[in-house]
Amino acid sequence: MSTDVATPIEQPVIGEINKYDFITQTTGVFKARKGLDREVVEQISALKNEPDWMRKFRLDSLDIFESKPMPNWGGNIKLDFQDVYYYLKPTDGQGKTWDDVPQEIKDTFDKLGIPEAERKFLAGVKAQFESEVVYGSLQEDLAKKGVIFTDTDTAVREHPELLREYFGKIIPPEDNKFAALNSAVWSGGSFIYVPPGVKIDFPLQAYFRINAESMGQFERTLIIVDEGAEVHYVEGCTAPMYSTESLHSAVVEIMVKKNGRCRYTTIQNWANNIYNLVTKRAMAYENALMEWIDGNLGSQLTMKYPAVYMMEPGARGEILSIAFASKGQHQDAGAKLVHCAPNTSGRIISKSISKNGGRSSYRGLCKVEDGAINSKSNVVCDALILDPDSRSDTYPYIEVEEQQVQIEHEASVSRIGEEQLFYLMSRGLTEAEASSMIVSGFIEPLIKELPMEYAVEMNRLIELQMEGSVG
Amino acid sequence: MSETLKITDLHVAVEGKPILRGVNLTIQRGETHALMGPNGSGKSTLGNAIMGHPSYEVTGGSIEIDGADLLEMDASERARAGVFMAFQRPMSIPGVKMADFLRHAATNVRNPNRKEGEDLIPMREFRRELKDKMSQLRMDEEFARRYVNDGFSGGEMKRAEILQLAMLRPKFAILDETDSGLDVDAVKLASQSIAEIGGAEMGILIITHHDKLLENNTPNFTHVMMGGRIVETGGVELARELYTEGYDRIRAAYPEAAALDAELSEEQATA
């Protein structure tokens, strides 16, 4: 076992803020050796001072991971699991520097107009101290209402009862190979508990937990929305996330109890060598509403299908998904709606754009279980293909075990029409401006669901993706 | 050579099939020309070729604007050089608001050397102008927030085209059957608007079957197209004659061109 122990790295003093900084209190940098086995998993658990139940959960998950075959559908995964680092203890000097950040990502930050300090954080090379004060006051405000909002590692220590009740229950390690992997090596992620009747009227953002820990490659998020409560969680940022590691495999579990509402928004832009294999699932109970808004840009392969299981009558699930596949990228994205009770309803809107030889697939499931009478699902998936080298596929799975139901599926594939381009160009728009405008229009139904600042950033990201795509 | 759109011996093919066979036409700014002719004679082809539609292949001849070679330019550059076409069937662009589209278009056309990413016309200024133009055209303000031609009725589309004409203020405008799909009142409003917008500034080519559009836009010249050529040119009286009498006299006078037309119309009908 190779354990690197480094001397603490000297921090720049930023006024008074440094005294709130707890990342600098770590005594060293730890990097697990490459590869995965019991020793590495135990080491992770020990470093986090975890209780026995969590260590056992991790080790059991490792066994499940090792026994499960790779998925034989979706994208082409060429990944050597022994060639990955599974744990990097996050500190300010975790071996990455700003110089290591790929130029394309730096350019994107630049064009998005993101301030220097923020860029460094988003790229994972710097902890951000500046927001610490904001974090503190927000925490206080939420805490008064009984809301818990912290990173999942902290939650294991501070809220063990809640954790044990829900952790790994919505997505058990047995669910799929990558859920098992995450269960074995997870680190970081958000934990949110919203008590009954509490409605949080501004979006909670991962921004606030970044002080606690750098974003893991195997983060684990758990959100519990109690009866009649409401929350909107925005994960990460629309700004690009990047990693030099090759694998990102997160698990997100959400529980929305009776009359509760939860909206989870994430827009991710990964470096082009990343496998992004994420399991996201929510359970919605009586008259509860779960909404996923999920945007995928970048990565080599993304396989991600946010799901809503409608467990009790009146539950609703809505999923808006968008994928943008460019050269060398395969976005295998979609959504799942599972009707487990009568009078449940769901809607999926999926949009994909393929350009420069990129490939996007919609893979969706609509399932109605026996007894879920009067349930309704409406699925609309549209694909836009920008050039003849690009590709789009649709794999809708529909499983219905009940008679009195209504399932609608519409799919359309369009190429950016020569006629549309000509029309806009005849009004003085350049070819690039015209295609960019057509693409913005195409994703408009998703954009208008986003909070203002995210909508603006999303539009800028799409514009950047479009640059140089024609002409 | 200034203030002139000059078409010389223009030959145009679509999917390898010749449609225009030597069109000559010169339009000065301030003039209104009517282009009439039976279906399939090549009228819309001429419009599309002037505007630079990529499916219309120019196989011979030239088009010049103020002495500059239009054929060297793509559609965007032609628009910025001062050419506009109101389409017979404009494309819908879902998700793109009329106002956003028009602000981009107006900025580029008014500032032909604008580089991508440079500022657009200031929002306040643009909104005021758009509101004025829309009220002149008796369009509801809501119209600016709708998606470009998406779910528009035939009449709404045509009015949207005229709104664009008004905002872009081109040197030369081609109106391709702008009157079709409009009721009598709407045609009247459209023709008045075109006259107001055009004034003495614009060179206008009106492609039409309808004399109503010509009432407020008295053509200085009327051209009859048949078999991919302009076979006769006259004044406003020629337009009136064609509208009331039809094309029998022309067909009889140009049997060769009429035969080509019949062939093309038949192909269109069976296609």
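Guide: This is a predicted model, in which local features need pLDDT of at least 70 and side-chain atom pairs count only at pLDDT 80 or more, while totals for chains, interfaces and linings use all residues. Residues are numbered from 1 along each chain as its sequence is written, chains are lettered from A and ligands numbered from 1 in the order in which they are written, and side-chain values use heavy atoms, with hydrogens and water left out.

Visitor: What makes both faces of β9(A) count as covered?

Guide: In a regular strand the side chains alternate between the two faces of the sheet. On one side of β9(A) the buried residues include Leu277(A) and Met283(A), and on the other they include Val278(A) and Ala282(A).

Visitor: How do you know which strands pair with β9(A) in the parallel sense?

Guide: Two strands pair if DSSP finds at least two bridges between them. Strand β6(A) has 2 bridges to β9(A), with Leu247(A) opposite Tyr275(A), and β7(A) has 6, with Met255(A) opposite Met283(A). For β11(A) there are 4 bridges, Leu277(A) having Met303(A) as its partner, and for β12(A) there are also 4, Met283(A) having Tyr309(A) as its partner. Each of these pairings is parallel.

Visitor: What makes chains A and B partners in an interface, and how much area is buried?

Guide: Contact means heavy atoms within 4.5 Å, and 20 residues of chain A are in contact with 38 residues of chain B. Buried area is the accessible area (1.4 Å probe) that two parts lose on being put together, summed over both; here the value is about 2300 Å², 64% of it on carbon and sulfur atoms. Phe422(A), Tyr423(A) and Arg427(A) supply 35% of the area that chain A buries against chain B, more than any other three residues.

Visitor: Why is the link between Arg427(A) and Glu161(B) called a salt bridge?

Guide: The rule asks for a side-chain nitrogen of Lys or Arg within 4 Å of a carboxyl oxygen of Asp or Glu. In the pair Arg427(A) and Glu161(B), the closest N and O atoms are 2.6 Å apart, and the pair forms a salt bridge. Across the interface of chain A and chain B the rule finds 2 salt bridges.

Definitions and conventions. Buried means under 20% relative accessible area, exposed over 50%, partly exposed in between (1.4 Å probe, protein chains only).
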